[in-house]
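This report looks at a ligand site and at one residue elsewhere in the chain. Please view the sequence and the model first.

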Amino acid sequence: MPATEKIGQDYLRGRHDAQKVARLLDYAISRSKEAEHREALMALKTELTANGDRDIALIYGSMEFYDREENDIKGGGGLGVLAGDTRRVCEDLGVRQVVLTPFYTSESHQELVGFWQHERNDTTDPNRLYTNLGQVAIDTTVDRGIGLDVYGRQLGSTTILTVTEPAFGELYPGSNSGDHRLYQEAALGFGGYKALKDQDITPAFTQLNEAPVVFLAIAQLDDLVSEGMPFEQALAQTRARTLFTNHTLVPAVEGEFGYAQFEHMIMPNIKNHEVQEWVRSMFDEHGRLKLSLLAAEASGVQSGVSKLHAKVAEYYDKDGNRVDFQAVTNGISNRWINPGILKLYRDRVIYDEFSVPAPGYQDAIAELDIETIRTLKQEGRTYMNEVLATRQDQYGEPIDIPEDAVLFNFKRRFANYKRPGLPFEDPERLAQLLVEGNAHFILTGKPHPNDDPMKGELHRVLTLIDSDPRLKERVHYVQDYDEQVGRALSIGADVAINLPVVGEEACGTSWMKDIANFEVLISTPDGGVADVEPIECLEVSGDETEMTYVRMKEAVEIVRSDDQLGNEVKRELAAYLETISGTRMMLDYLDLFAAQALARKR
Ligand SMILES: *Cc1c(COP(=O)(O)O)cnc(C)c1O
């Protein structure tokens with residue numbers, strides 16, 4: 001008897017969605033020029049649409065899932081936004097996907113006091129939007145049967161299954177290597193797998209969105225062995241159906257766990273001795289283990305999140321062989337695009353019905369006229385100001401950007417490698433540039449709660465702005481950066497600034513939201529921006545501080561000129577729309593699954 005109830009599923013709709021997926025795969029097959037690729041997609045289609053009675057789904061595990069406005073879950077930054085977007089793309093396409101993610105019982109918000117960041121933790125409640133499905137249990141050596149509440153929400157062809165309990169805590173509780181973090185990871189992996197079984201869902205493939213969800217794959221392996229499958233065969237089957245998506249560059253920054261922590265919190269959840277021994281064999285001679293190693297070993301295919309990232313990410317398996325990451329560049333869902341612009345993409349056949357660039361899209365982009373671009377940006381500015389009227393700047397005041405001002409924006413996590421302080425290195429030059437160009441600058445982004453140096457950097461930048469009346473008038477810091485602010489800025493600002501230290505941004509997706517909404521991009525050649533070589537935007541290279549100011553001045557001229565703005569917007573859009581498309585990302589993932597399906601068929 002399953003411990004949890006079944007979520008109210010509409011099987012008729014399920015069948016309808018199976019037809020939609022078949023149509024998507026037929027479309028992918030029709031686009032492919034390679035016989036083997038087509039054969040692989042056909043094998044995948046057979047697997048995903050096989051049996052009308054079984055609920056066959058793609059499983060997506062993520063410790064972070066960020067879709068606060070509509071789905072009331074807020075977890076982290078880019079990684080969580082990507083998870084939220086992947087689900088939305090699946091729903092749009094009718095792909096049967098089940099997201100497994102924790103529901104954190106507390107949510108962190110930024111509050112500035114004297115330009116210093118403080119965190120306010122609000123409690124959250126899954127009952128606001130989710131249906132309680134009952135409980136599953138996990139074990140530790142001390143506590144047997146820790147009850148976890150399972151909540152569910154059905155959205156078209158997708159399901160969000162989330163596990164929690166009243167003391168589950170917040171995302172990033174203290175250290176990445178701490179006991180509570182490992183407990184959360186065990187809860188999602190072992191508890192989540194049980195919840196999935198209770199729902200009678202058959203995983204077609206499991207995607208591990210970063211290593212900390214690896215226990216989902218371990219639970220599956222253990223389950224296969226419990227069902228009587230020999231260990232080696234169970235391991236091969238788990239690998240053949242597991243994709244590990246990595247978002248970081250080197251294991252150094254990752255959490256690391258000790259043998260004792262595993263004995264206490266992980267082993268009691270594994271039933272079979274062989275599986276336990278296999279997990280134990282992953283520890284190094286100092287009795288330490290990084291979850292990325294376990295994820296690399298439990299998965300048959302691994303992916304990085306941009307071309308550059310897949311090439312440079314440096315991970316090794318147990319035998320010391322370098323992990324060969326496939327490149328699947330992140331994309332964005334349509335939610336980030338001004339609805340007026342999205343409609344234009346459809347009307348002008350720039351995006352096809354699946355939201356993939358249509359044949360001839362580059363010509364269609366070239367034909368866009370500047371009046372349309374300006375009108376849509378103006379509407380975007382109005383919308384942005386409506387949002388910013390409800391938010392607070394560094395002085396606690398609402399923000400309103402004049403209609404005739406050129407607006408720069410820098411919006412992203414306040415992390416050192418993203419260099420939010422770079423445009424402020426020469427405050428005099430920045431002030432002159434803003435005054436002469438009648439420009440404003442919106443800065444937003446939170447330092448990680450544990451990142452004291454960057455909290456200091458934020459304080460330094462805000463103090464510097466406060467000390468110059470010109471900067472004080474024209475530079476606005478929006479408190480408590482979130483998806484609402486991110487979206488509003490992409491839609492309403494003119495120029496986006498993206499300056500990661502080259503080699504340190506895995507992909508980034510903010511810049512995609514910007515280009516999709518007709519902003520001019522200033523960027524270093526890094527992350528997904530470097531998918532196109534040479535990059536097609538206002539590039540910052542060489543003397544990066546100098547170049548940032550040169551590009552900002554140039555951007556003001558571009559935005560002020562109809563000809564130049566039209567050309568620049570169209571150049572960037574034509575170069576990057578393929579990359580930006582969330583459906584393109586999904587088709588790339590389906591290609592990876594298809595290759596596995598073909599291997600099975602042969
Ligand atoms: C888009 C978005 C991100 C991702 O931004 P990158 O730094 O470009 O990866 C993070 N947080 C929020 C709120 C976003 O909207």
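A residue is called buried when its relative accessible area is under 20%, and exposed when that area is over 50%. The model described here is predicted.

**A residue in a helix**

Met552 belongs to helix α20, which covers residues 544-560. The relative accessible area of Met552 is 0%. Because that value is under 20%, Met552 counts as buried. Leaving aside residues up to four places away in sequence, Met552 touches Phe408, Leu430, Leu433, Phe441, Ile497 and Ile522. Arg181 is 371 residues from Met552 along the chain, and the C-alpha atoms of the two are 42 Å apart.

**The ligand site**

Which residues are closest to the ligand? They are Lys418, Tyr481, Thr509, Ser510 and Lys513, out of 13 residues that surround the ligand. By class, this shell has five charged, five polar and three nonpolar residues. Helices α4 (78-93) and α19 (510-516) each supply at least two residues of the shell.

| Residue | Part of the residue | Distance to a ligand oxygen atom |
|---|---|---|
| Lys418 | N or O atom in the side chain | 2.6 Å |
| Lys513 | polar side-chain atom | 2.7 Å |
| Thr509 | backbone N or O atom | 3.0 Å |

Notes. Residues are numbered from 1 along each chain as its sequence is written. This is a predicted model: local features need pLDDT of at least 70, side-chain atom pairs count only at pLDDT 80 or more; totals for chains, interfaces and linings use all residues. Side-chain values use heavy atoms; hydrogens and water are left out. A residue is near a molecule or strand if one of its heavy atoms lies within 4 Å of it. A polar contact is a pair of N or O atoms within 3.5 Å; within protein, one must be able to donate a hydrogen and the other to accept it, and residues adjacent in sequence count only if both atoms are side-chain atoms. Helices (H or I, at least four residues) and strands (E, at least two) are DSSP runs, numbered from the N terminus. Ala, Val, Leu, Ile, Met, Phe, Trp, Tyr, Cys and Pro count as nonpolar, Asp, Glu, Lys and Arg as charged, and the others, Gly among them, as polar. Buried means under 20% relative accessible area, exposed over 50%, partly exposed in between (1.4 Å probe, protein chains only). Contact means heavy atoms within 4.5 Å.
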